[in-house]
Amino acid sequence: MHQTLALAAQAVGLSDPNPRVGCLLISAQGELLGQGHTQAAGQAHAEVMALRDAAGRGHDVRGAVAYVSLEPCAHHGRTPPCCDALIAAGVSRVVAALEDPNPLVAGQGLARLRTAGIATEVGLLADEARELNIGFFSRMQRLRPFVRMKAAASLDGRTALLNGRSQWITAEAARQDGHAWRKRAGALLTGIGTVRDDDPRLDVRLVHTEHQPLRVLIDSHLEVANSARLLQPPGQVLIYHGGSAGPVTAQALCDLGVELKSLPDARGKVDLVAMLSDLAQRGINELHIEAGHRLNASLLRAGLVDELLLYVAPKLIGEGAGIASLGPFESLEQALQWRWLDAEMVGNDLRLRLRKLDAVANPSDSSL
């Protein structure tokens, strides 16, 4: 199953909105017959890729054991059900790390296998498998993406100098690692303040990826300049705005191929909860945020951030912008609570990952 999960990880940046799934076909004698992982949406799933691989190697898979990192699907989507492919191939047993949280599957794939006389087992390395697809589980069970907020800061918690300059607080290795996390996401989000200050491209370019995530901008009044690098290829751009967008500006953006979506709240700003719901409906599993201290604070105060991805440089830079403009609080009991996931050196910088106390991967928990 460890090998199966390693295969599934190869679908990062490829399979969205489908989950990242790996499959191994092993003979009764322990010989590897075939392997594969989920391809791009509309193409073959992991089980079919493994069966094709076995056929290409000239192997007969009748009586084999199929190890899959997620329950084989049981419905007709863009591709036929994978459980039917395994039944037709004549495997004797299927070992799945997890049941599929998709209501269209949700145990039906395993049930169909058992009805066909195929032994099944579920729950092997379930936590690891769930983490790999935490965004897919979030979208299926909470109807919203898993939200990861990234920031690069100094030892004194500053993300930019008082004059707004922030490039570069961390070193090249941390920036490349940050792009690997961008690659995981179905969409990358920032705010108009960051676009004005830094003019980011907000794409994946420091690591290889098969496709670019959707780039999302929160711009309540459509103030973005047509020359902003965010609006340039590659990839698609979606702008959420409030209720005060001028028709001339809107048309100019549409002419650039930008999609506009009006989601105003009572104050005429973007309704952040409605935005997450809309992104889920678009098939976004993981949302990666790289924004300024004001938008970060709005998302954090609303309880919409599931995970923090922080890169800390061994520098003290004095006064400047922080990660989020949350305060002032009147007591420490008002502090937003997080739990540590891991800490790792990336070059000369420290990468910290923290998760909100109630944002866990276990589907039995009430937060999912």
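A residue is called buried when its relative accessible area is under 20%, exposed when it is over 50%, and partly exposed in between (1.4 Å probe, protein chains only). This is a predicted model, in which local features need pLDDT of at least 70 and side-chain atom pairs count only at pLDDT 80 or more, while totals for chains, interfaces and linings use all residues. Residues are numbered from 1 along each chain as its sequence is written, and side-chain values use heavy atoms, with hydrogens and water left out.

**Stop 1: the cysteines**

Select Cys83, which is buried at a relative accessible area of 0%. Now display Cys73. Its sulfur is the closest cysteine sulfur to that of Cys82, at 3.6 Å, and also to that of Cys83, at 6.7 Å. How many disulfides does the model contain? With a disulfide taken as a pair of cysteine sulfur atoms within 2.5 Å, the count is 0. The distance from Cys82 to Cys73 is therefore too far for a bond, and so is that from Cys83 to Cys73.

**Stop 2: Asp306 and Arg144**

Turn next to the salt bridges, each a side-chain nitrogen of Lys or Arg within 4 Å of a carboxyl oxygen of Asp or Glu. The whole structure holds 29 of them. Select Asp306 and Arg144, whose closest N and O atoms are 2.6 Å apart. The helices (H or I, at least four residues) and strands (E, at least two) are DSSP runs, numbered from the N terminus. Asp306 is buried, at 0% relative accessible area, and Arg144 also counts as buried, at 13%.

**Stop 3: Glu286 and Arg148**

Select Glu286 and Arg148, which form a salt bridge with an N to O distance of 2.8 Å. Glu286 is in strand β12 (residues 286–289) and Arg148 in strand β6, 138 residues apart. Both residues are buried.

**Stop 4**

Move to Asp342 and Arg353, where the salt bridge spans 2.8 Å from N to O. Asp342 belongs to strand β15 (residues 338–346) and Arg353 to strand β16 (residues 349–356), 11 residues apart. Is Asp342 buried or partly exposed? At 24% relative accessibility, Asp342 is partly exposed, whereas Arg353, at 13%, is buried.

Finally, select Asp16, Arg20, Glu131, Arg148, Arg184, Glu286, Glu307, Asp342, Arg353 and Arg355 together; salt bridges with shared partners join these residues into one network.
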